[in-house]
Amino acid sequence: MEQMHRTDARDLNLSEKLINVNRVAKVVKRGRRFSFSALVVVGDGEGHVGAGLGKAREVPSAIRKGGAIARRNLIKVPMVDGTIPYRIISKFGGAKVMLKPAAPGTGVIAGGGVRATVEAAGIKDIVTKSMGSSNPINVVRATMLALGQLKDPKQEIARRKSRAVSSEETGV
């Protein structure tokens with residue numbers, strides 16, 4: 001599997017979106033101890049997006065941690081006229097996500113975590129389908145995996161041409 005392209009968050013104007021807050025109870029000797037996990041997506045609306053899951057004893061701390069983790073995991077999404085270059089299906093755990101390019105003016109046809117993730121990336125026209133598990137964490141991770149696997153068609157053609165030329169020269 002291809003490695004996702006990471007980006008530095010310092011020079012981007014990122015906006016945060018909270019997708020899900022989950023209360024987790026740990027049973028200890030004197031009762032229950034509660035902590036929270038927060039799923040946060042950050043993006044600049046111009047092709048950079050990241051997702052993070054922060055865990056802490058208080059909700060604001062969990063959100064802050066989730067945002068920091070999301071900033072560390074930023075990826076660059078190749079876009080063509082406000083949509084993705086081609087259809088892709090990705091799976092993470094029990095969640096399966098299909099992302100399909102759409103004609104200009106279609107809008108974002110998605111729900112839950114997929115919608116928040118593609119909007120944060122700045123994708124204007126896309127059709128999506130979330131299949132299998134509806135767990136927001138796995139759905140967002142499957143979406144991030146799909147967006148990370150996308151390649152820019154023009155760069156890929158150039159790369160393949162250069163590889164073909166170099167293999168002809170070596171006689172392989």
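Trainee: Which residues touch the most other members of the largest nonpolar core?

Mentor: Of the 27 residues in that core, the ones touching the most other members are Val 49, Leu 99, Ile 123 and Leu 147. Strands β2 (31–43), β3 (48–56) and β6 (95–101), together with helices α2 (112–121) and α3 (136–149), each supply at least two of its residues.

Trainee: What do "core" and "strand" mean here, and where do the values come from?

Mentor: A nonpolar core is a set of buried Ala, Val, Leu, Ile, Met, Phe, Trp, Tyr and Cys residues joined through side-chain atoms within 4.5 Å, where buried means under 20% relative accessible area, exposed means over 50%, and partly exposed is in between, using a 1.4 Å probe and protein chains only. Helices (H or I, at least four residues) and strands (E, at least two) are DSSP runs, numbered from the N terminus. This is a predicted model, in which local features need pLDDT of at least 70 and side-chain atom pairs count only at pLDDT 80 or more, while totals for chains, interfaces and linings use all residues. Residues are numbered from 1 along each chain as its sequence is written, and side-chain values use heavy atoms, with hydrogens and water left out.

Trainee: What is Leu 99 in contact with?

Mentor: If we leave aside neighbours within four places in sequence, the contacts of Leu 99 (contact meaning heavy atoms within 4.5 Å) include Ile 84, Tyr 86, Ile 88, Val 114, Ile 126, Thr 143 and Leu 147.

Trainee: How many bridges join β6 and β8?

Mentor: Strand β8 (residues 126–132) pairs with β6 over seven bridges, in the antiparallel sense, and Met 98 stands opposite Lys 129 in β8.

Trainee: New topic: how many salt bridges does the structure hold?

Mentor: It holds four, a salt bridge being a side-chain nitrogen of Lys or Arg within 4 Å of a carboxyl oxygen of Asp or Glu. One of them joins the side chains of Glu 16 and Arg 71 at 2.8 Å, N to O, and it links distant parts of the chain, with Glu 16 in strand β1 (residues 15–28) and Arg 71 in helix α1 (residues 59–72), 55 residues apart.

Trainee: What about Glu 156, is it buried or exposed?

Mentor: Glu 156 counts as buried because its relative accessibility is 12%. Its side chain meets that of Arg 159 in a salt bridge of 2.5 Å, N to O, and that of Arg 160 in another of 3.3 Å, N to O. Salt bridges with shared partners therefore join Glu 156, Arg 159 and Arg 160 into one network.

Notes. Two strands pair if DSSP finds at least two bridges between them.
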